[in-house]
Amino acid sequence: MARVSRSARRPVWRPALRRLLSVAEDPDAVVAAAPPVPPHEVFRRFWPYTRGGRRWLVPILGFSIIGPLIDAAEIWLFKIIVDDVLVPRDLSPFLWIALAYLGLIVCSGILGFADDVLSTWVSERFLLALRSDVFRHVQSLSLGFFERRRLGDVLARVTGDVDAVETFLLSGVANALYHVIRLGVFLGLLFYLQWDLTLLALVIVPLFWHAARHFSRLIKAASRERRRRSGSISAIAEESLGNVALVQAYNRQAWEEHRFDRETAGKFRAAMTSARIRAVYGPIVDAIELAGALAVMGLGTWKLAQGQLTLGGLLVFLALLSRLYSPIRDLSHLTNTFYAASASAERIIELLDQRPQVTEADHARRIGHARGDVEFDGVSFRYPGTSRWALSGVSFHVAPGGTLALVGASGAGKSTVAKLQLRFYDPDKGAVRLDGVDLRELRLSELRENVAVVLQETLVFHGTVRENIAYGRPDATEADIVAAARAADAHDFIQLLPDGYDTVVGQRGRTLSGGQRQRLAIARAMIRDAPVLLLDEPTTGLDAESGRRIMEPLRRLMAGRTTIVISHNLLTVRDATTIVVLDHGRVVERGTHEELVLRGGTYARLHRLNEMTGPTAAGPSQPLPLNMGKVLP
Ligand SMILES: Nc1ncnc2c1ncn2[C@@H]1O[C@H](COP(=O)(O)OP(=O)(O)OP(=O)(O)O)[C@@H](O)[C@H]1O
């Protein structure tokens, strides 16, 4: 007879079942799945967060022991009712049995209350510590991380995944212990009652475990997919809602909905796979359990017929058996929960493993209030993961109080200079110095206290006008805030707002005009009173009138400070003490406005272009009376 090939012998339902119980990989994932981490590693990483609540774990454990004992006592009372009240039809012991029942119920109520409150306290304390730590860690990451990652996914990790870690570490472990203790108590009782029946009942345990192990692997894959999709959903929601004006202006709602639907459908599929796995798992466990119970019932009935067992004894045995199977079943369910939670734990671990690219030296130097001497010395820099140099051999020096203007085409590297000055990144070659000290040797917080910024995209928080100005210096007094607002030419418009300084400006300051937002940003920089000022395209996006209006407050802000001003608009930079022209990350020209115009190079060409297009939107009506501190090339 011809041999049947292996594949021909394989049951046809196998591939169908596999498809039904597994999640499909998505090659164009918005958010990639986190790398797998073994369970013991998850424990090692998160156990320290239980520090505050560990002493309460002992009483909680105590409750886990007393709970099953009360359960067992209730069942025992049931045996007494059957054997001493029902079978002999004798009511005399009924009263004390009823009282004992009542006592047990009261005890179990008190215990349940204490257990609930304590366990919740321990879990929530754990979550509090972990969530704060994850947030602190995310805050400490360098700008580069946020430029690469999808913000929505980071938010989903900080808010959603953190909870699952608690399930893994505390609720999960507490439940596991609780079930193990219950298992021990009921097993002891069953052995005491009928050791041979108990041994028979235990025959099915390996089957339970085998099923649990197999299914938990499937559950884990589905859970990882669900968590990944949750991250993607948050990422897309954050991106489309954060850019709602752009989406609506370009009629891209349908496209955004499509992206969103794709991810929600992915999560739906993963959830359905989980449901199918659980739905298949449930009846399998039921069948195993039934097989055990039937075997016990068969042998038990035989023993009853032989007079080796009372009816009460058999009924109690079967009742206790169901209590024995329930922790076994719960434990095997718990492995599924564990695996599902570990998918979230992996996402948190991946986040916690991110190291800031910029770190503070061990014995970082303090400089207090700097003089404001800024130097770029042969600085070359490449953004992580890119091959092009964003800056290459850039050198300049601005003496305290001087002004340096950075000019160049889009993408020339101007904003990169500002990022290095703030130490959002470290240069790959060369050094950036403040008062002669390499920024890498300085305390990060002190460096940033010495630098005030007014950026192209003005950042305004949801909050009052007062809070937005005081963001520059949280300990500022009311007088400081008003003085800064006056100097920034913002006081008048603030007074006209419905609640003056207490007016709440919407998220990103949407309820203010571009010019008003910019003046608020100037007031914030003003109140910081830092010796170094970075102005990154401060007039971009403003119309002629608004641009003109902020020139005066800008001049006041720049007075007496070392300023690096970045601008496409040559009219805002022509009076800088030194103008540096960047091209593809290199310094191609440097000098004063007059010198560079005479030289007839890139700057002169840009200047001519500017002249041809006329005084641009943001051009000042008069030259900037810049502080003429010494600026050395
Ligand atoms: N986060 C980043 N990751 C990778 N490359 C970047 C990043 N930011 C900027 N670059 C690249 O570095 C180069 C310099 O960018 P930079 O923002 O400094 O230019 P810029 O002169 O300020 O331009 P613009 O005037 O348009 O603001 C560009 O080629 C840009 O594509």
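Strands S9 (residues 532-536) and S10 (residues 562-566) run parallel and are joined by 5 bridges. Here helices (H or I, at least four residues) and strands (E, at least two) are DSSP runs, numbered from the N terminus, and two strands pair if DSSP finds at least two bridges between them. This is a predicted model, where local features need pLDDT of at least 70, side-chain atom pairs count only at pLDDT 80 or more, and totals for chains, interfaces and linings use all residues. Residues are numbered from 1 along each chain as its sequence is written.

- Leucine 533 stands opposite threonine 563 in S10, and leucine 534 sits opposite isoleucine 564.
- Isoleucine 564 is also the bridge partner of leucine 404; S3 and S10 pair in the parallel sense, over 4 bridges.
- Zooming out, 6 strands make an open sheet with mixed pairing, in the order S6-S9-S10-S3-S11-S12.
- The edges are strand S6 (451-454) and strand S12 (586-591), each of which pairs on one side only.
- On average, neighbouring strands of this sheet are turned by 20° against each other, direction ignored. For such angles, axes are lines fitted to C-alpha atoms (for helices, over the stretch in contact), and angles run from 0 to 180 degrees between N-to-C directions.
- In general, strands of a sheet pair through backbone hydrogen bonds, either parallel or antiparallel.
- What about the antiparallel kind: how many bridges join S11 to S12? There are 5 of them, and valine 581 stands opposite glutamate 589 in S12.
- S11 and S12 form a hairpin with 2 residues between them, and histidine 584 in that turn has a positive phi of about 50°.

**What is buried in S10**

- S10 is mostly covered, with 5 of its 5 residues buried. A residue is buried if 20 or more other C-beta atoms lie within 10 Å of its own, exposed if 12 or fewer, and partly exposed in between, with C-beta atoms placed from the backbone.
- Thr562, Ile564 and Ile566 point one way from S10, Thr563 and Val565 point the other way, and all are buried.
- As a rule, side chains in a regular strand alternate between the two faces of the sheet.

**Helices on the sheet**

- Helix H13 (residues 414-421) lies across strand S3 (403-408), S6, S9, S10 and strand S11 (578-583), running at about 145° to S10.
- Helix H18 (residues 514-528) packs on the sheet too, touching S6 and S9, and its direction makes about 175° with that of S6.
- H13 is largely enclosed by the rest of the structure, because 6 of its 8 residues are buried.
- Those buried residues are Lys414, Thr416, Val417, Ala418, Lys419 and Leu420.
- Just after H13, arginine 423 takes a positive phi of about 55°.

**Valine 379**

- Valine 379 is found in strand S1 (residues 374-381).
- Is valine 379 buried or exposed? It counts as buried because it has 24 C-beta neighbours inside 10 Å.
- Leaving aside neighbours within four places in sequence, valine 379 is in contact with Leu391, Val394, Leu420, Pro427, Gly430 and Val432. Contact means that the C-beta atoms of two residues, placed from the backbone, lie within 7 Å.
- Valine 379 and glycine 585 are 206 residues apart along the chain, yet their C-alpha atoms are separated by 9.9 Å.

**Helices elsewhere**

- The "transmembrane region" annotation in UniProt (unreviewed entry) covers residues 56-82 and 94-114. UniProt positions follow the numbering used here, feature names are shortened, and annotations may be inferred rather than shown by experiment.
- Over residues 56-82 the chain is 96% helix and 0% strand, with end C-alpha atoms 40 Å apart.
- Residues 94-114 come out at 100% helix and 0% strand, and the end C-alpha atoms there are 30 Å apart.
- Arginine 89 has a positive phi of about 50° although it is not a glycine, and its place is in the loop between helix H4 (57-86) and helix H5 (94-140).

**The whole chain**

- The chain's secondary structure comes to 21 helices and 13 strands.
- Of the 633 residues in the chain, 36% are buried.
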